[in-house]
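Here are my notes on the model you sent over, point by point. Have it open while you read.

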Amino acid sequence: MQLSIITINYNNIEGLRRTINSILSQTWRQFEWIIVDGGSTDGSRELIEETAALPDSNITWWCSEKDKGVYNAMNKGIAHAQGQYLNFMNAGDYFCEPDTLQRVFEGKEYEADVVYGSHYRYDANGRVFIAAPDQVNISYILGFGFNHQRCFIKRELLSEESYDESYKIMSDSKHLIECLLKNCQFEMIDIPICCFEATGISSAQLELKRAEKVRLIKEVMPACLQQDCIYLMDNTAVDIYCPDIVELRRLLPLRRFNRRVIHLVIALLHLVERFYPTPQQNKQ
């Protein structure tokens, strides 16, 4: 079995339906499918039962029960997976095209530990294309993020050390950085993999995200590099939920040169803000 797809869901029946339709429509079928539901009460359980009863659903295991959060649910799926590679396609997310998996896997044998492609980020305002980086490094993961929906990760990497459930947001990023530090091989394929649902994020979540980034830096990086990593993180971060940045990304696909343009624009904005503070900042 080349691939295990793991879908987690909690009270998101419409998103789950979108994901189910995408996976069932795939023209390449050499995968198993695992669904982990957190005890939904919106009809998701019944939808999963109906899907699992289909003769060609490829569902090998599913559950609907309370869990301890996103990473606990993902770890449940990992424990039942048998594929060489794992992909996490959560409720609401979907593969770009019916032949996406065929283009990735048919006739292909990968040696890389992590295979990844580009993706689309979508919300109520439409889709934004996010090009895959030529190379993955720590600054990219900390600054831009690296969503697992566009990745295919070798199962043994997660079987040996599953996601750290003490994190709420950054456990998958922590695992990828640990893979980099172990010299795991990343391979980029020039294929759009998925459409990733971008939900709104509160200031409290942004604060938690940064706090968890700082925590993981202190946990995985040598002490002599920690402050440099924090500085790098703060100076490469792009708020992907900012409408102006989303529009800039829409105009400039995220290639290396365009990332530099975005960074320059943000640096100039920070400089203007420093010398010409807003009335609200003056009050502070």
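1. Arg45 and Glu49 sit four residues apart in helix H2 (residues 44-52), so about one helical turn separates them. Helices here are DSSP runs of H or I with at least four residues, strands are runs of E with at least two, and both are numbered from the N terminus. The side chains of Arg45 and Glu49 meet in a salt bridge, 3.6 Å from N to O. For a salt bridge, a side-chain nitrogen of Lys or Arg has to be within 4 Å of a carboxyl oxygen of Asp or Glu. Arg45 is partly exposed at 33% relative accessible area, and Glu49 is partly exposed too, at 37%. The cut-offs: buried is under 20% relative accessible area, exposed is over 50%, and partly exposed is in between (1.4 Å probe, protein chains only).

2. Before going on, some ground rules. This is a predicted model, where local features need pLDDT of at least 70 and side-chain atom pairs count only at pLDDT 80 or more, while totals for chains, interfaces and linings use all residues. Residues are numbered from 1 along each chain as its sequence is written, and side-chain values use heavy atoms, with hydrogens and water left out.

3. Now the overall picture. The protein has twelve helices and nine strands, and 49% of its 284 residues are buried. Of the contacts (heavy atoms within 4.5 Å) with a separation of 6 or more, 80% are between residues 24 or more positions apart. The protein exposes about 14,300 Å², with carbon and sulfur atoms supplying 51% of that; the areas come from the Shrake-Rupley method with a 1.4 Å probe, and for residues only the protein chains shown count as cover.

4. How many salt bridges are there in the whole structure? The search finds eight. One of them joins the side chains of Arg18 and Glu197, at 3.7 Å from N to O. Arg18 is in helix H1 (residues 13-24) and Glu197 in strand S9 (residues 186-197), so this pair ties together parts that are 179 residues apart in sequence. Both ends are partly exposed: Arg18 has a relative accessible area of 33% and Glu197 one of 25%.

5. Lys174 makes a salt bridge with Asp164, with the closest N and O atoms 2.9 Å apart. The pair links distant parts of the chain, ten residues apart: Lys174 is in helix H7 and Asp164 in the loop between H6 and H7. Lys174 is buried, at 10% relative accessible area, whereas Asp164 is partly exposed, at 23%. Through shared partners, salt bridges join Asp164, Lys174, Arg215 and Glu219 into one network. Arg215 turns up again over an aromatic ring: its charged end sits over the ring of Tyr167, 3.9 Å from the centre. That label requires NZ of Lys or CZ of Arg to be within 6 Å of the ring centre and within 35 degrees of the ring normal. Arg127 does likewise with Tyr120, its charged end sitting over the ring 4.0 Å from the centre.

6. On to the aromatics. Rings of Phe, Tyr and Trp (its six-membered ring) pair if their centres lie within 6.5 Å; planes under 30 degrees apart are stacked, over 60 edge-to-face, and the rest tilted. The count comes to twelve aromatic pairs. Tyr116 and Phe146 have ring centres 5.2 Å apart and planes at 70 degrees, so they are edge-to-face. Tyr116 is buried at 1% relative accessibility, and Phe146 is buried at 3%. Elsewhere, ring pairs link Trp28, Phe31, Tyr85, Phe105, Tyr110 and Phe152 into a cluster.

7. Is Gln26 buried or exposed? Gln26 counts as buried, at 3% relative accessibility, and it is in the loop between H1 and S2. A polar atom of the Gln26 side chain lies 3.1 Å from the backbone nitrogen of Leu101. Setting aside neighbours within four places in sequence, the contacts of Gln26 include Phe31, Phe95 and Pro98.

8. Last, helix H3 (residues 70-80). Eight of its eleven residues are buried, among them Tyr71, Asn75 and Lys76. What covers the buried residues of H3 includes strands S1 (3-9) and S2 (31-37), plus helix H7 (171-181).

Definitions and conventions. Polar contact = N/O pair within 3.5 Å; in protein donor to acceptor, adjacent residues only side chain to side chain.
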